[in-house]
Amino acid sequence: QWFDLRTPRGRAVPLAVAGRARWRTGQWSLEDASLRLGRSQVRAALTQRAGAAGAGRSLTTLAIEADAIDLAELETLLPASRAASSTGPVLDVPILPGRVDLADTDLSVRIGRLEGSALGWSDLRFDARMRQGRLLASPFSARVLGTPFEGAVAFEIADGQPQAELWLGAERADVGSMLDRLGLGNRLQAGVDRLVVHGLARGRTLSALLEQSTFTADLEGGRVLLRDRNTGASAQVKLDRGRLEALPGKVVTLGLKGALDDEALELTVSTGRLSEWLTPSTRLPFHLTAQAARSRLRMVGSLQRPLRDPTVEFAMDLEGPRLDALNALARVSLPPWGPYSLIGRLAISPGGYEVSNLRLRVGQSVLRGSGSLDTRRKPAALDVSLTAPSIQLDDFRLGDWRAFDGREATPAKSGESLEALRAKARDASGRAERLLSREVLARQDAMVLVRVDQVMSGADRLGNGWLIARVESGRADIGPVQVDVPGGRATAWLAY
């Protein structure tokens, strides 16, 4: 019969209990048992038989079923938690007593849905066999955000030291949705074709557990899509393989190999230790190294969770042998200048991107300043300001490169095969646009200011100067350009 249960938080939750008990010689059972608490209902069957486990030990058989369990409602049955002033004492509280006596039990759990779960758990199945204080390797399965996971778990206590081992596998896991639900960012769309996880945890206290545990995850295939929410511009990484490791006392690391826009990519990310992930308000150290298109990018900083709409800042370092090696990634035909490096402080915000304390080196020429890209404007607006004590013109030779489009269609040769024509079309469509092509100029507006104290050509000193370049509504204005030389002053302006 229903009656109201008054919760510690002042709510009334309906409660009903029903069941039928049987006693026999050497056996007792609880049949057709049910517990209805608010919107949650659990059905159970329990049997204990003397001597069934051997050596005079009783065997308990327990089966639990539920269509749905409302976690949010059940949380109201607990006293309101008080914020802890420090995580240290909490971490050192034993999470298990010194001695755990696991009865010889066969356990079967079937739960349809866990309402109120951030990861949308459903179809939970767990079949456990506990013998002589050990949980033998027992299979379980569940769906997380619609992705089926299967695995097994084992547990034992040896010499007072608890140890748990976990195996887990999934096909076509939506990792991006999981990270979003956990408050770890919503700009990332990521899917993994195959995921295999193994974990080994030891320790009686939570701090010991986090410091002594080993956790690895191997992935094969998949994709990661990075998208700017304002412009819709995106970059896609095709994953070949990867490995995530959390070793005792060390930071969590992730290594990936794949391709970024068909360019081979190697990526390494490291962040805090497992113990640092426990407190959501803790800033996590972050270090990323990416190598692609003969170039290397490094980003170092920290992350404050949750990563919903924050402004995050990193120290950034990009270097490579020549700028035109980045043509495929930038989707623009860049000039053949190099070696180059770019160092600065990168800030990523909901409004766009900003680089301060910028130091750009091309050959022996060094420019300093700042730059920003406002992606809220349509089109996006680029603003760059640079100064240089000295510029060597020999570092900026163009060779056969042209800033203008000037592409000519290659006429088909007589008797050329259809496959050859298709290959030529693929090659033409895959080429980067010229820097001053119609397509590139229409992508964004831009303002660039450059001041140079001394212009050099080889060993000759030509003087000093400055230039302003602007792109607006597809029109490029290069100028005014002013150069002061010992014999006078030269100015120029070009509209395109």
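Phe396 is partly exposed, at a relative accessible area of 21%; buried means under 20%, exposed over 50% and partly exposed in between, with a 1.4 Å probe and protein chains only. This is a predicted model, in which local features need pLDDT of at least 70 and side-chain atom pairs count only at pLDDT 80 or more, while totals for chains, interfaces and linings use all residues. Residues are numbered from 1 along each chain as its sequence is written, and side-chain values use heavy atoms, with hydrogens and water left out.

A pair of aromatic rings is described by the distance of the centres and the angle of the planes. Rings of Phe, Tyr and Trp (its six-membered ring) pair if their centres lie within 6.5 Å; planes under 30 degrees apart are stacked, over 60 edge-to-face, and the rest tilted. The count by this rule is 2 aromatic pairs. In one of them, Phe286 and Phe314 are tilted, with 5.2 Å centre to centre and 50° between the planes. Phe286 belongs to strand β16 (residues 284–292) and Phe314 to strand β18 (residues 312–320), 28 residues apart; strands are DSSP runs of E, at least two residues, and helices runs of H or I, at least four, numbered from the N terminus. Phe314 counts as buried because its relative accessibility is 5%.

Trp337 and Phe396 have ring centres 4.9 Å apart and planes at 80°, so this pair is edge-to-face. Trp337 sits in the loop between β19 (332–333) and β20 (340–349), and Phe396 in the loop between β24 (391–392) and α6 (418–430), so the pair ties together parts 59 residues apart in sequence.
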